[in-house]
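Let's walk through this fold together, one piece at a time. Keep the viewer open and follow along.

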Amino acid sequence: MNRASASAVALPPRPLASAGAAAAALPGWHSWRRRWECLGPDCAEREGLRSWCKLPARIQFQQGWCCGLECLEAAVELHARRLLREHETHAPRPHRIPLGLLLLSHGQITQPQLRAALDAQNLHGGRVGEWLVRQGAASEAAITAAVGLQWARPTFPLTETQAWRQYRGWVPQALLESLGMLPLYFAPASRRLHVGFTQIVDATALAALQTMLECKPLACIVADSAWNAAMEESRGIPLKAGIENVALTDVEGPEEVAAITRQYARVAGAREIRLAAAGGYLWLRLRGQRLLHLTLRPRTRPISL
Ligand SMILES: [Zn+2]
């Protein structure tokens, strides 16, 4: 990576809301007290003047604070447990018109072409759209447009821009690859983040981006081949100094998630931590002396809670 491209990489935006923003709406003493309350469920110094003594050790977690690593671990465990339970009970079940039927109804493919693609899919796996392109029944542009119709989202000409390079390091590579996703453009004034998806617009990914970056994510559809090329290029370029990705698999459950977070928070000197779930991963963003993305994939499904 040359110096020019390295300096062009933008750092992820800082969250807008301070830890005490929610508390600011409360009146007087309650507001002041809530502002300093520790998120640790069993914290002995949850509120009051004693927590002032722990100011240097305080760590921001989500929209609140923890008075130290011990309370951080407990708060992360609680939050991770809730996220994993939500994702287990609310598994995404997209109800969309099948791509092949959509193309057939628009007269873009014939019945025999669809049958051939479905047969190939049954035999070899993969997606119907891929087989239609491989068998010459439809162009990739037609498939991308049809996916856009399926999700009622616009398509984005990814081959015509390199703007996505600026946002490398905003989302861990493991998540991008798992979700077929790519941040494309961020408008700082409106905090809108345009995000490309190849096949499925994952609602959990959009919610995670909102939590982690406090942005307004807007989904669009990009072509498979352009996304693959961007991913290949992205894998070959080291991240900007100060940003690091750590991906761990076979994580046992919320307790281990919390223990790992505590360990990395200590090593990275993290002062600000965010946690979200997307694409079968828990995504932790630790900001301290450097920015560390932790992606943790739980061991089994369903996860023991
Ligand atoms: Zn505490």
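Start with strands E8 and E9 (residues 291-298): they run antiparallel and are joined by six bridges. (Helices, H or I with at least four residues, and strands, E with at least two, are DSSP runs numbered from the N terminus; two strands pair if DSSP finds at least two bridges between them.) Across that pairing, Trp 283 stands opposite Thr 295 in E9. Before going on, note that this is a predicted model, in which local features need pLDDT of at least 70 and side-chain atom pairs count only at pLDDT 80 or more, while totals for chains, interfaces and linings use all residues. Residues are numbered from 1 along each chain as its sequence is written, and side-chain values use heavy atoms, with hydrogens and water left out.

On to the other partner of E8. Strand E8 (residues 281-287) is also joined to E7, by seven bridges, and the two run antiparallel. Look for Leu 275, which stands opposite Leu 284 in E8. The hairpin of E7 and E8 has two residues between the strands, and Gly 279 takes a positive phi near 55° there. E7 also pairs with strand E1 (residues 59-61), this time in the parallel sense and over two bridges; the bridge partner of Gln 60 in E7 is Glu 272.

Zoom out and you get an open sheet of six strands, in the order E2-E1-E7-E8-E9-E6, with mixed pairing. Strand E2 (64-66) and strand E6 (243-251) stand at the edges with a single partner strand each, so one side of each is left without a neighbour in the sheet. From one strand to the next, the twist averages 25°. (Axes here are lines fitted to C-alpha atoms, for helices over the stretch in contact, and angles run from 0 to 180 degrees between N-to-C directions.)

How much of strand E7 (residues 272-278) is covered? Seven of its seven residues are buried, where buried means under 20% relative accessible area, exposed over 50% and partly exposed in between, with a 1.4 Å probe and protein chains only. In a regular strand the side chains alternate between the two faces of the sheet. In E7 both faces are covered: Glu 272, Arg 274, Ala 276 and Ala 278 are buried on one side, and Ile 273, Leu 275 and Ala 277 on the other.

Six bridges hold E3 and strand E4 (residues 192-197) in an antiparallel arrangement, and Leu 193 in E4 is the bridge partner of Phe 186.

What about the nonpolar interior? A nonpolar core is a set of buried Ala, Val, Leu, Ile, Met, Phe, Trp, Tyr and Cys residues joined through side-chain atoms within 4.5 Å. The largest one has 52 residues, and Leu 132, Leu 158 and Leu 182 have the most contacts inside it. Helix H10 (residues 203-213) gives the most to this core, with six residues. Apart from it lies another core, of 30 residues, among them Cys 71, Leu 84, Ala 265 and Leu 296.

Finally, the rings. The structure holds two aromatic pairs. Tyr 167 and Trp 170 are edge-to-face, 4.9 Å centre to centre with 75° between the planes. Trp 170 and Phe 186 have ring centres 5.2 Å apart and planes at 65°, so this pair is edge-to-face. (Rings of Phe, Tyr and Trp, the last by its six-membered ring, pair if their centres lie within 6.5 Å; planes under 30 degrees apart count as stacked, over 60 as edge-to-face and the rest as tilted.) Trp 170 lies in the loop between helix H8 (140-151) and helix H9 (173-179) and Phe 186 in strand E3 (residues 181-187), so the pair ties together parts that are 16 residues apart in sequence. Tyr 167, Trp 170 and Phe 186 form one aromatic cluster, and their relative accessible areas are 5% for Tyr 167, 2% for Trp 170 and 9% for Phe 186.
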